[in-house]
Amino acid sequence: MSAIGDLARDPESDRLAEDGEAALIPDTTVISDLIEELRLERTSFGIFRDENISKDGRSEANELVGFFFLKGNVRLSFDGQDPIVASKSDYVLIGRNTRYALRKVRDKGPCAMGRVAFQLGNSPARLLFRLLPKVMFIRAMSDEELRWHTELERLIANQPPSAQAVSASINRRMIEASLIGLIQTWLDRDQSLTDRLNSPNIAWIYPALHELHQTPEKRWTVEDLAQLCGMSRSSFAARFVNVTGETPSRYLTILRLDKARELVRTSRLPMSVISQRTGYGSDMAFIRAFKRRFGTTPGRMRITAQAKDD
């Protein structure tokens, strides 16, 4: 029976429907802003058994690496942290620039695990990486949580012929949904990040971050952003660097070019329109900034992206 069919027959769902309407999209927060803007660059997936369980690696600067455990017990070690032992239904999500080692626990029977790598390359992802811990261990995911991820995998593997023309976009969105679900599951289990997100520095600059993410094309000045936060220019700039690792102007430039790259790859908009939508005064200024950032022109990047989709 499909997940939708199960839901339709779930008495609890019927009860909720009878009780009245509920907001499906709650008020935005720092974490929801960042997660909403996550964009997947690439992903890889593999299943490993017994003789292939022993693995050493390091996550890249723009990467989250996940391991989910299907059978047996595996010991995981990380730089500067105590090792953990994972077993069936556990999930480990490893943050950027983190060394890890996996070893099968001896005399515990056969082992099986999966590995998935999420490569993310935009400004909200980089800021989220700064806020999340290096290792997120989700112990004993429920049948419901596992079924949700399994359903996404099933949908990706069994798309109807009518979706083939846009399958790359559909797959990307569903994999992004899977990653967001994992992060949300960890947040629900571990409340320590809540304190970090409620820290004074983030609370002070959140109004500016929100507006930057919503309208990066606007001609923002540091004074404008500081005023949104009710702070002096110097205090705002210092807090902003402390939270994001970038100056406000640098953060805005990266944000604009990330948005431009997405539009170049996924739309057929003329470059002049993309230039305007990302806050550049002239097409030449846009092309120069784009090439400095990505090492190629927007036109060449579009040709490459279209060739991959074909």
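This is a predicted model: local features need pLDDT of at least 70, side-chain atom pairs count only at pLDDT 80 or more; totals for chains, interfaces and linings use all residues.
Trainee: Does I205 count as buried or exposed?
Mentor: Buried means under 20% relative accessible area, exposed over 50%, and partly exposed in between, using a 1.4 Å probe and protein chains only. I205 has 0% relative accessibility, so it counts as buried. In the chain of 310 residues, 41% are buried.

Trainee: Which residues is I205 in contact with, leaving aside its neighbours within four places in sequence?
Mentor: Contact means heavy atoms within 4.5 Å. With those neighbours set aside, I205 touches C229, F236, R239, F240, V243 and T244. Take F240: its C-alpha atom is 6.5 Å from that of I205, although the two residues are 35 apart along the chain. Across the chain, 73% of the contacts between residues at least 6 apart in sequence join residues at least 24 apart.

Trainee: At what angle do helix 8 and helix 10 pack?
Mentor: Axes are lines fitted to C-alpha atoms, for helices over the stretch in contact, and angles run from 0 to 180 degrees between N-to-C directions. Helix 8 (residues 200–214) and helix 10 (residues 233–244) pack at about 90°, and their axes are 9 Å apart.

Trainee: Which residues of helix 8 and helix 10 meet?
Mentor: From helix 8 come P200, N201, I202, W204, I205, A208, L209 and L212, and they meet F236, R239, F240, N242, V243 and T244 of helix 10. By class, this contact has 10 nonpolar, 3 polar and 1 charged residues. Nonpolar covers Ala, Val, Leu, Ile, Met, Phe, Trp, Tyr, Cys and Pro, charged covers Asp, Glu, Lys and Arg, and the others, Gly among them, are polar.

Trainee: How many cavities of 30 Å³ or more does a search of the whole structure find?
Mentor: On a 1 Å grid over the protein atoms alone, a cavity is a set of points where a 1.4 Å probe fits but cannot get out, and lining residues have an atom within 4 Å of a point. The search finds 1. The largest cavity has a volume of about 30 Å³, volume being the space filled by probe spheres set on grid points joined across faces, edges and corners.

Trainee: Which residues line the largest cavity?
Mentor: Its lining is V30, D33, L34, Y206, L209, H210 and H213. Helix 3 (30–36) and helix 8 are the elements that give two or more residues to this lining, and helix 8 gives the most, with 4.

Trainee: What about phi of S89?
Mentor: Most residues other than glycine have a negative phi. S89 is not a glycine, yet has a positive phi of about 80°. S89 lies in the loop between strand 5 (81–87) and strand 6 (91–94) and is buried, at 17% relative accessible area.

How values were computed
Residues are numbered from 1 along each chain as its sequence is written. Side-chain values use heavy atoms; hydrogens and water are left out. On a 1 Å grid over the protein atoms alone, a cavity is a set of points where a 1.4 Å probe fits but cannot get out, and a pocket is an open set with protein on both sides within 12 Å along at least five of seven lines; lining residues have an atom within 4 Å of a point.
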